Amino acid sequence: MSCTAENPLAFFDWYLETEIYKDLKEFYTNISEEHYFNNIDKTDKVNRTIRVLNIYDLGEGDSEYITFSFEGSVKSILLEEVKRSEALVELGFQERFLMLKKLMRMLIF
């Protein structure tokens with residue numbers, strides 16, 4: 001579901017109600033079953049992070065472990081929608097302000 005001018009926060013209602021849980025499940029599945037099956041060192045369900053052995057030499061330096069965070073994966077989705085919603089709210093204010101100005105001009109005549 002996408003945000004609209006009539007309901008600029010619709011995405012957040014939809015996403016935070018159900019879709020975020022689907023994305024969380026997919027996050028755990030992708031990392032644990034598809035990418036790092038036997039190399040998981042620690043899964044933190046409270047902070048939503050998974051620490052795995054750095055078998056592919058990813059990340060900076062010679063780190064032995066890599067930590068994947070659900071927050072990091074969701075953050076880009078939410079920031080994009082925040083910007084879109086902010087623009088729609090701003091557009092709504094501008095439209096109403098222009099309507100008010102037109103109405104004031106009509107009342108003056």
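Helices (H or I, at least four residues) and strands (E, at least two) are taken here as DSSP runs and numbered from the N terminus. This is a predicted model, in which local features need pLDDT of at least 70 and side-chain atom pairs count only at pLDDT 80 or more, while totals for chains, interfaces and linings use all residues. Residues are numbered from 1 along each chain as its sequence is written, and side-chain values use heavy atoms, with hydrogens and water left out.

Three strands form an open sheet in the order 1-2-3, and their pairing is antiparallel, where two strands are said to pair if DSSP finds at least two bridges between them. Strand 1 (40–44) and strand 3 (65–69) stand at the edges with a single partner strand each, so one side of each has no neighbour in the sheet. On average, neighbouring strands are turned by 15° against each other, direction ignored. In general, strands of a sheet pair through backbone hydrogen bonds, either parallel or antiparallel.

Strand 1 and strand 2 are joined in the antiparallel sense over four bridges, and five bridges join strand 2 (residues 49–53) to strand 3, again antiparallel. Strand 1 and strand 2 also make a hairpin with four residues between them, and R48 in this turn has a positive phi of about 60°. Some of the facing residues are set out below.

| Residue | Opposite residue |
|---|---|
| I40 | V52 in strand 2 |
| T49 | S69 in strand 3 |

**The helices**

Helix 1 (residues 10–35) packs on the sheet and touches strand 1, strand 2 and strand 3, contact meaning heavy atoms within 4.5 Å. Helix 1 and helix 2 (residues 70–108) pack at an angle of about 160° with their axes 11 Å apart; axes are lines fitted to C-alpha atoms, for helices over the stretch in contact, and angles run from 0 to 180 degrees between N-to-C directions. Helix 1 and helix 2 are therefore roughly antiparallel to each other, a term used for angles over 145 degrees.

Residues of helix 1 including F11, Y15 and F27 meet residues of helix 2, among them F70, I77 and V82. The residues of this contact divide into 11 nonpolar, two polar and two charged, with Ala, Val, Leu, Ile, Met, Phe, Trp, Tyr, Cys and Pro counted as nonpolar, Asp, Glu, Lys and Arg as charged, and the others, Gly among them, as polar.

**Aromatic pairs**

Six aromatic pairs are found in a search of the whole structure, rings of Phe, Tyr and Trp (its six-membered ring) being paired if their centres lie within 6.5 Å. The rings of F11 and Y15 have centres 5.2 Å apart and planes at 10°, so this pair is stacked, the word for planes under 30 degrees apart. F11 and Y15 both lie in helix 1, four residues apart, which is about one turn of the helix.

Definitions and conventions. Parallel < 35°, antiparallel > 145°, perpendicular 65-115°, else oblique. Phe/Tyr/Trp six-rings, centres within 6.5 Å; stacked < 30°, edge-to-face > 60°.
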